[in-house]
Structure formats: C-alpha cells, structure tokens
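The points below are grouped by topic.

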Amino acid sequence: MALISKIRKQSWIIVASLALALMAFLIMDVVTGKSSLGGGSTRFSIGKVDGENIDYNDFARTEQILYNSSAVDPYARRNFLWSFFVENVILEKAANKLGIGVSTAEMDELQFGNNLSPIIQQRFINPNTGIVDRDQLNQIKQGLENNQLRPDLVTYWNEQKKEVVKERLQSKYTSLVSSAVYVPVWLAEMRNSESNELINFQYVKLPFDLITDSIKVTDSDIEKYISNHVNKYKYPEESRFIEYVNFPVEPTEEDSLKIHDELAGLVDSFKTTKFDSSFILINEGTLDPAYFTKAQLSPEYADQLYAMSKGQVTGPYIDGNLYRLAKLIDRKLIPDSVKVRHILRTVQTADQLASANATIDSLKTLLENGQAKFDSLAIRFSQDPSSGFIGGDLGMVAHDAMVKPFNDAIFFQAVPHHYVTVATQFGIHLIEVTEQKFLKGSEDRIKLAYISRPIIPSQETQNKIEDEVNTINNTNRTLDELRKTLANRTDIKFENTGAVRKNDAVAGDLASGESTRSIVRWAFDNGTNVGNVSNEVYTYEDPVEFYTKQVTIAALKAIQPKGIAKPEAVREDVSLLIENDLKGQRLIKEISNSNDIYEVATKYKVKIDTASGVNFSTSFLPAMGNEPKVIAAAFGTEKNATSKPVLGSSGVFIVKTTTRTPSIGQADLQFFRDQASAVSKNNVQSFFMESLKKNANIKDNRFTFF
C-alpha cells in the first residue's frame, strides 16, 4: 500500500514523462517526413513488390472487412490475402503496360449484369435454388445507388470490387497469352500415335530388397543425387528443418472411471424423470425427433437398445470415444411412405422470417376453422415453384427423400389430415399428410434419448503430462541429448518437418495454428542455432473437445540457405532413394549379361507379369504402379526382343514386348490439336501467375508482424 500511495503522489512525473515521450515521437515523424499511421512509413510495410509498398494497415483492414467473425484459420487467410495483394500489384503494373483495364460499365456488368464475375457468382448463391440470388444483388445495387446500404456492407462491397477487378484483369491477361497457343500438325500426329498404338509386354520386377547388404550413403552420394535432381532440391528462400517429438495426452483409467461414475449417478434420475426434454437439456444430452429401425442403430448395441421397454435406461456404455446413457422414449410403427402436400414461405432475412411465420399461422387457422381449402391456399400463397401451382402436392414420399426437419415432421410428428408447421433451410412450411402406407412386415421403430460424455483426459492429467514434458525439455537442451534421453521410449517417435519457410504456419504434420507458428518463429530467430531445443514446449488443442491433446518439443535440425540444398538438410529425405538407386545399380550389374527374361525370373524367384493394351501415354498400371520409364522401355523394344534392365522407382525391370498394334484408320487430327491446345491453355491458367511472381522483386516482411 505504501508503494501505491507513493506512485499516486508522484503521478504528475509519470504524466509529464509520457507527454514528453509522445512529443518526441511525433517530432521524429515530422522531421523524417513519415507518419507512423500512414501508408508511407516503411516501418509499417508488410512487404514490397517491384518497389511498391504493401501497407500493414491496409492489409489488416482488408482482413477485418473480408473475414470479420470468420472461422477461417487466420494464417490460411493471411496467406491468401498476401497472395492477393502481391498479385494485384503485379497485375496492375502489367495491365498498365498492355493497356488493359476494367471500365465502369464493365464493372457494373460484372457485379450486377448478365455476365457476373466468378467472385459474385460464388458468394451470392441462393442455398435454396443453387443459383445466384438476383433479388439480393438488386437490393444491394439499389442500396448503393440510393446511399441506403449499411455502412459495413458498403465497406465490404468496396473491398470486394478490388477482388472483382483483379480477377477480371487476370482473366484478360491469361486470355491474351492463351491466344498465342499454337499446336502444329506434327504434334497432333504424335499424340494420335501415342494414344492409338497399343502393345502387350511381359516384364519381371526385381525389388530393391533383394539386396540385403547394408548400404552406406555418403555425403558424396547425396551431393551427386542433388546435382542430378537440382530443380527438386533448389530452395527459393532460406528454410529451416525442424525435428520434433509429440507427447500424446490420453485419459487415464482414473479419468475414464470418473466420467463413467458421473453418468452412472444420473441413471436413476434419468429413468424416473417425467420431463425428459428438460432433463436432457440440463444434462447436455440429445433427443432426436426421429424413430430408428434396429438396422439404423449402432451395430454393437442394436440388440440391447432395441430390446428395451419404454422408459428403460441402459448404460453407461462405451460408444466410440463416448460414455453413453440411452433411454427409450417411445416405440411405434412408422409408415414406409406418406402422401404429403405443403405451403412454403421462403426466408432470407430476419424480417422475412417474422412475416413467413405470421402468414403460415394465419393459413393454418383458416384451414383448422374450415374457412379455406389447402390446394387453393397453396396456389395463392406457396413460394415453392415446383408444387405451388398444383396445390402444394408432393406426391408419395419415402423416408429420407426430404431434408431432415421436413422428413421428421411428415413421418414422426404428423397425423393424417392435421396441420404441422416446420422450419427448414428453405423457409417455413405448412404441411398436411393425406395418406400413410405401411408395407407388410414393417417393424417398429424406436425413439431414443442420449446423455453422453467424451472420454477425455482430466485437467489434472493434462497438467501432469505438460509438467513431465517441461521437465524433459528443461534437462535436454540439445537435439542429441534429447534423442539419447528418449531413445528407449517406444510410445513416441521423432518426426521431421521437411523444409519450413519463415512465414509458414504449418510444419510437417503439425497443424496450422499459433503453436506451430510459434515453433517456426523460434526456428528463424537469430539466436537459434542448429541443434538447439526450444525453451518452450508447445501444446495442441483438440478442435472438438478443446482439451490439450498433445505436447510437443521442437529442435532445430538444419538451416538451409537460399539455393541448392545442403546434404545435411535433406539427408533423411533422400537417403532411402539413394539406397534404392545403389541397390538398383548392383542388380543391373548382376543381370547385365542376361538377355532372357525367363532366366532372370528363375534366378531371382520372381514371377513374370503381363501388361496388355498399353499405349505410350500410360504411366500407371495396377500391378506395376507408376513406372513411366518401364512403359517407355517397352515401346522402345522391338517385338519379341528383351529390353536392357530399367531402373524404376520400385525396383529393376526387364521387359519383353510381345505384340504391337499400330494405330489404324484415318486419324481425327483436329481432335488431337484441340486436345493439346486445351492442355496448354489450362497450363497457362494454372502457372502464368506463378511465372510473373517468380520474375517480380518481392520482399516479404510478414514475419515481422505475424
């Protein structure tokens, strides 16, 4: 208290100090000509594209507008937004050079006309019809023109316009490039030959594991492999390789027993309650309005559940990852099909919901009082375009032909010639079942209520595992020490992430999220060295039950500078490939003097397989797998001749081509030209933006902010 009193008495000093600091900050900005809040400050630049700043405040504002209250993973959406900002700068610069633009009239057409932008088509689909909701678009257009649209919607629409422009510029650019695609006649003829010439061949496969000797992979072997696959192991930016170990957090027997006992304590109350709905609500249970056949119940417990009498409770029993109590609420014979008619009032907004309910209530009153006929009201008031004009008749309907709320109402709630109201995704329905059909031999269905509890670790168990992992982490500060300490643990294993970039939020099998992002940030910290173990342990939460499902220790395994891979960075990735390659070379050397497929099969005790009706475009065969080199060797071998040994991805192959069927008849070369052209144009669509980005000067500062 004495300290607080002293601070209060000297508060004028604190206020004065803060004022002086703020003045100094503002003066610095004035002197340097930079505003800390404006887009001109490089301190708030999230990146640059060909010299043009991408401002952090613009980036954050766009994220807030487009993803407000969104459940989309924040790191995934920021990656998407980053790509949008980068591509937008590149496209605008390219469009200015080419004289490409989007006019005001074109923008109006893209947003509200007959040729809507894919952005609009995707976002404004009516879920009831599956097509674009023109009414909603017209309302937005009128609101914009009359300045009556909500301010937040205006802001959203303005951001969306940028996306529409970007998509349109990209479409025009790719169309220009695609127009230059030309397929010569010789290429069409080659495609025709590749598609129509067929061969049959025999082959033997010598799997790599025929060589049982231990193969030592040296740095020289790795360097040679990298040089032979340089494009695959060339890193466009600096990367980190992280090794990690996950410690699963699982419920103990005590945790499971405690959950069991909690449910067991509810059995008597659940059995005797006269208010099932309230009891289920209070105890977080479920009561499905549907009635189930025996075949629809969990197979393991179907006999037990179906044999219960009304009001009986069974459990707790384990169903998957749950302890459950089940109570039989009702049992009755349910029709196999019903004849039904309805009146639908569609709903898109809260105002429409109130109006639809009022209309349906009024119509129901008229019908119950005998003041109107159902078919007449349906013709006048139903907004179902397929049944309204015929009096709302839906005909005979079988189980599960309709959406669940409608299905539940007509089969499990409705009484013939009485009126039922139900809400679905399409709106509010007034329903009348006019006929029920029961097939001979139909069985009773049962209605069940459940009270369930997930079998998850207690908070004490979660804390205990985290404490244990922290102890391991604190006493093993290098990767080598950690490996030695955990060498005898059979319940866990070390994992590797592969190459991780500084802005990644996913690493190996570690899911996107703050924990993984924290691991990546630590790995790229200037104070982190190869072999270091992070001071922090990282927890991952179950996305459904929200408990700590694993605790992770991370270590920096290797640093890979921009450029060609270093052997230590990719050793584990390529060692097995190199081992197989070396084994394959040894097998090839062993059989190099044999040109008889039968002799090789006998020597190595492998079978001779046959491939039939293969064309040159084939790369995968069910019995062989993906072995394009083997297919090429078969086509390159004369009839009844045996190929030289082929080093494939799964072993060494020898091929004997037995028959060849050349392409016959007059080829439709135009078909093959169109096909090749379509492939090339599709490649333009898929890869042209990445090509533009590759040639742009992009500086990415996201690591500073996220």
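This is a predicted model: local features need pLDDT of at least 70, side-chain atom pairs count only at pLDDT 80 or more; totals for chains, interfaces and linings use all residues.

**Geometry of helix 24**
- Helix 24 spans residues 669-695, 27 residues in total, and its first and last C-alpha atoms lie 36 Å apart, close to the expected 39 Å.
- A kink of about 45° is centred on Phe 687.

**Largest pocket**
- The volume of the largest pocket is about 1,200 Å³.
- Its lining comprises 30 residues, and Pro 236, Glu 237, Arg 501, Lys 693 and Ile 698 are those nearest the centre.
- Two or more lining residues come from each of helix 4, strand 4 (234-235), helix 24, strand 23 and helix 25 (702-705).
- Helix 24 gives the largest share of this lining, with five residues.
- The lining of the largest pocket contains 14 charged, nine nonpolar and seven polar residues.

**Largest cavity**
- One cavity of 30 Å³ or more is counted, and the largest cavity has a volume of about 90 Å³.
- The largest cavity is lined by Tyr 75, Arg 78, Asn 79, Asn 503, Ala 505, Arg 517, Arg 702, Phe 703 and Phe 706.
- Helix 4 provides the largest share of that lining, three residues, and helix 25 supplies at least two.
- By class, the cavity lining has four nonpolar, three charged and two polar residues.

Technical notes
Residues are numbered from 1 along each chain as its sequence is written. Side-chain values use heavy atoms; hydrogens and water are left out. Helices (H or I, at least four residues) and strands (E, at least two) are DSSP runs, numbered from the N terminus. The expected span of a helix is 1.5 Å times one less than its number of residues. The bend at a residue is the angle between axes fitted to the seven residues ending there and the seven starting there. On a 1 Å grid over the protein atoms alone, a cavity is a set of points where a 1.4 Å probe fits but cannot get out, and a pocket is an open set with protein on both sides within 12 Å along at least five of seven lines; lining residues have an atom within 4 Å of a point. Grid points are joined across faces, edges and corners, and a volume is the space filled by probe spheres set on the points. Ala, Val, Leu, Ile, Met, Phe, Trp, Tyr, Cys and Pro count as nonpolar, Asp, Glu, Lys and Arg as charged, and the others, Gly among them, as polar.
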